[in-house]
Amino acid sequence: MDFDLVVRGGTLPDGTIADLGIVGETIVAIEPKLNVSAGTAIDAHGNLISPPFVDPHFHMDATLSYGIPRINASGTLLEGISLWGELKPLLAHDAVRERALAYCDWAVSMGLLAIRTHVDVCDDRLLAVEALLDVKKIVAPYIDLQLVAFPQDGFYRSPTARQNTLRALDMGVDIVGGIPHFERTMADGTRSVTELCEIAAKRGLMVDLHCDETDDPLSRHIEQLAYETQRLGLQGKVAGSHLTSMHSMDNYYVSKLLPLIAEAGVSAIPNPLINIMLQGRHDTFPKRRGMTRVKEMQAHGIRVGWGQDCVLDPWYSLGTADMLDVAFMGLHVAQMSSPADMARCFDMVTNVNAAIMGLDHLGLSVGKRASFVILDAGNPIEALRLRAERLCVVARGKVVAERTKQETRLSIAGRPGQVNRRHNAASASAS
């Protein structure tokens, strides 16, 4: 027996049709045809083989808590934060753990095999930190889970947030987080960026800050984040999440800001589903939509990935752990409609997000971890259009989720007996 698993005849994102050979947890061969035996064989003919979906921005400590103790009536970010403050005292370790594990089940079913989650450290019990550290160990065989120490109520604004952030990092949390725009003053926000980056540099950790998640065009903490990244030698290890204030910033200022972010190697993580839901709530018309300048950042060589942010929690009442939903919405709001841009949106929720998280072991090439998804689509753009079904999900060389391909039967005289929304544009135009 040559391989533990062979996937035959699938279409890779670049259009190549190939067989994949897997031994243990590793992709060891990608060839036009592998004439080998295997313990398990999967027929992927006509379907897209994708790298695993990756979410670089989520809040797993709050997920699936929608309606506890009440619903966000205004739909605003600030009421969501207030509601989370009401929920925190009601949290129990087992409840947080079980909701997070249930979400991880959803994630696996959708081919989402790597998640970075922020976890609030402003509860002195650090109950959610302990619960998600447990979850991280449980899901390690199939999900790469990164935890961010997140002082939700402000690193300086909350009296014990600083010491709790350090405690959480000592407990094994992976990444330094923050929320500078939520401090009492702009000056405190700037100071928090500096100290948080210094903590990360001293400990050799990555940084991921909720940055300028506001409609205020004068919220410019991303500038300080880029500066500290260069000063402390953190290039490639820092992300600014949200960056929604950039939708309102003066264009001349942005023309100076974008090269600074690019030079610093800071990544950007907009969260289209939640950003467009929460931002612009004070506007009448024209109404801002909360989306940072995605295409402009990409044109400067800044690494930009799409994040999910929330599912069924105080901030967002929808969601299914589907990163294709996230990319689909981002595509529309950022007006990324060209074929190249649409393909890039797919790459943003797979390869780009993996790079932001530093997950070099993920990807469809020889030597990478055998974690991938087989989609009911012919190419990445079709996968986005259909939010394609996950026919098979493989994690570390093992099949962890499967779904039978769904066909809809029609009962209409003179029409086909089945309908399939997949579409071959080339053959359609030729006919």
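Guide: We'll go through helix packing, then aromatic rings. One note: this is a predicted model.

Visitor: At what angle do helix 5 and helix 6 cross?

Guide: Roughly 25 degrees. Helix 5 covers residues 186-203, helix 6 covers residues 221-231, and their axes come within 9 Å.

Visitor: Roughly parallel or roughly antiparallel, then?

Guide: Roughly parallel, because angles under 35 degrees count that way. The crossing of helix 5 with helix 6 is right-handed.

Visitor: Which residues make the contact?

Guide: From helix 5: Met186, Gly189, Thr190, Val193, Thr194, Cys197 and Glu198. From helix 6: His221, Gln224, Leu225, Glu228 and Arg231.

Visitor: How many of those are nonpolar, polar and charged?

Guide: In the contact of helix 5 with helix 6, four are nonpolar, five polar and three charged.

Visitor: Next pair. What about the axes of helix 10 and helix 11?

Guide: They come within 9 Å and cross at roughly 135 degrees. Helix 10 is residues 323-333, and helix 11 is residues 339-356. That angle makes helix 10 oblique to helix 11. Helix 10 passes helix 11 in a right-handed crossing.

Visitor: Who touches whom there?

Guide: Helix 10 brings Met323, Leu324, Ala327 and Leu331. Helix 11 brings Met342, Cys345, Phe346, Val349 and Asn353. By class, that contact has eight nonpolar residues, one polar and no charged ones.

Visitor: Switching to rings. How many aromatic pairs are there?

Guide: Five. One of them is Phe53 with Phe346. Their ring centres are 6.0 Å apart and the planes sit at 75 degrees, so the pair is edge-to-face.

Visitor: Where are those two in the chain?

Guide: Phe53 is in strand 6 (residues 53-58) and Phe346 is in helix 11.

Visitor: Buried or exposed?

Guide: Both Phe53 and Phe346 are buried.

Visitor: And how do the rings of Phe155 and Tyr156 sit?

Guide: The centres are 5.1 Å apart, with planes at 55 degrees, so that pair is tilted. Phe155 is buried, with a relative accessible area of 2%. Tyr156 is partly exposed at 24%.

Visitor: Last one. Which residues form an aromatic cluster?

Guide: Phe58, Tyr103 and Trp106 form one.

Key
Residues are numbered from 1 along each chain as its sequence is written. This is a predicted model: local features need pLDDT of at least 70, side-chain atom pairs count only at pLDDT 80 or more; totals for chains, interfaces and linings use all residues. Side-chain values use heavy atoms; hydrogens and water are left out. Axes are lines fitted to C-alpha atoms, for helices over the stretch in contact, and angles run from 0 to 180 degrees between N-to-C directions. Helices (H or I, at least four residues) and strands (E, at least two) are DSSP runs, numbered from the N terminus. Angles under 35 degrees count as roughly parallel, over 145 as roughly antiparallel, 65 to 115 as roughly perpendicular and the rest as oblique. A crossing is left-handed if the near helix is turned anticlockwise from the far one by less than a right angle, and right-handed if clockwise. Contact means heavy atoms within 4.5 Å. Ala, Val, Leu, Ile, Met, Phe, Trp, Tyr, Cys and Pro count as nonpolar, Asp, Glu, Lys and Arg as charged, and the others, Gly among them, as polar. Rings of Phe, Tyr and Trp (its six-membered ring) pair if their centres lie within 6.5 Å; planes under 30 degrees apart count as stacked, over 60 as edge-to-face and the rest as tilted. Buried means under 20% relative accessible area, exposed over 50%, partly exposed in between (1.4 Å probe, protein chains only).
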